[in-house]
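Have the picture open while you read, and find each residue as it comes up.

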Amino acid sequence: MNIESMKKVLDNLIGLKQTMHGEANASVSQQLDEAISIVQLCIDSGSNDSDAANRVMSAIGKVLDKLPSIAALLKLFYD
């Protein structure tokens, strides 16, 4: 995953957090914060290897686990 892709992921995660502000429970908010931190760390360190991509995808997966309705919707698109 290249740095530009990670920046887009970061923007989307921040947008999701802002959209859900006040509506998400604490665990969802915490998972979003963690995902944002991981992506930001990868960007800041210039990591664009497969390990960085795996960390980013894992963080996104954890967010989606907390948001079953979004996960179900995405599954419809990819199945």
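Start with Gln31: leaving aside its neighbours within four places in sequence, Gln31 is in contact with Lys62, Val63 and Lys66. Gln31 is found in helix H2, and Gln31 counts as buried because its relative accessible area of 13% is under the 20% cut-off. Keep in mind that this is a predicted model.

**The overall layout**

- The chain has four helices and zero strands.
- If you read along the sequence, you get the pattern α-α-α-α.
- Of the chain's 79 residues, 25% count as buried.
- Take the contacts in the chain with a separation of 6 or more: 65% of them come from residues 24 or more positions apart.

- Val63 sits in helix H3.
- Is Val63 buried or exposed? With a relative accessibility of 3%, Val63 is buried.
- Not counting residues up to four places away in sequence, Val63 touches Leu16, Gln31, Leu32 and Ala35.
- Val63 and Leu32 are 31 residues apart along the chain, and their C-alpha atoms are separated by 6.0 Å.

**How H2 and H3 pack**

- The general idea first: two packed helices are described by the angle between their axes and the distance between the axes.
- For H2 and H3, the axes come within 9 Å and cross at roughly 165°.
- That angle is over 145 degrees, so H2 is roughly antiparallel to H3.
- The crossing of these two helices, H2 and H3, is left-handed.
- On the H2 side, the contact is made by Ser27, Val28, Gln31, Leu32, Glu34, Ala35, Ile38, Val39 and Cys42.
- On the H3 side, you'll find Ala52, Arg55, Val56, Ala59, Lys62, Val63 and Lys66.
- Sorted by class, the residues of the contact of H2 with H3 are 10 nonpolar, two polar and four charged.

**How H1 and H2 pack**

- H1 and H2 have axes 9 Å apart and pack at an angle of about 155°.
- How do H1 and H2 run, roughly parallel or roughly antiparallel to each other? They are roughly antiparallel, because the angle is over 145 degrees.
- H1 passes H2 in a left-handed crossing.
- H1 brings Ile3, Met6, Lys7, Val9, Leu10, Leu13, Ile14, Leu16 and Lys17 to the contact.
- H2 answers with Ser29, Leu32, Asp33, Ala35, Ile36, Val39, Gln40, Cys42 and Ile43.
- By class, the contact of H1 with H2 has 13 nonpolar, two polar and three charged residues.

**How H1 and H3 pack**

- The axes of H1 and H3 come within 12 Å and cross at roughly 20°.
- An angle under 35 degrees counts as roughly parallel, so H1 is roughly parallel to H3.
- H1 passes H3 in a left-handed crossing.
- Met6, Val9 and Leu16 in H1 meet Ala52, Val56, Ile60 and Val63 in H3.
- Which classes show up in the contact of H1 with H3? There are seven nonpolar residues, with no polar and no charged ones.

**The nonpolar core**

- In soluble globular proteins, nonpolar side chains tend to be buried together.
- Here, the largest nonpolar core has 17 residues.
- The residues with the most contacts inside this core are Met6, Leu13, Leu32, Val39 and Val56.
- Helix H1 (3-19), helix H2 (26-45) and helix H3 (50-66) each supply at least two residues of this core.
- Which helix gives the most to this core? That's H2, with seven residues.
- Zoom in on Leu13: leaving aside its neighbours within four places in sequence, Leu13 is in contact with Leu32, Ala35, Ile36 and Val39.

**A residue on the outside**

- Asn12 lies in helix H1.
- Asn12 is exposed, since its relative accessible area of 56% is over the 50% cut-off.
- Asn12 and Ile36 are 24 residues apart in sequence, and in space they are 9.5 Å apart, C-alpha to C-alpha.

Terms used
Residues numbered from 1 in each chain as written. Predicted model: local features only at pLDDT ≥ 70, side-chain atom pairs only at ≥ 80, totals over all residues. Heavy atoms only, no water. Core = buried A, V, L, I, M, F, W, Y, C linked by side-chain atoms within 4.5 Å. Buried < 20%, exposed > 50% of the residue type's maximum accessible area, 1.4 Å probe, protein only. Contact = heavy atoms within 4.5 Å. Axes fitted to C-alpha atoms, helices over the stretch in contact; angles between N-to-C directions. Parallel < 35°, antiparallel > 145°, perpendicular 65-115°, else oblique. Left-handed = near helix turned anticlockwise from the far one by under 90°. Nonpolar A, V, L, I, M, F, W, Y, C, P; charged D, E, K, R; others polar.
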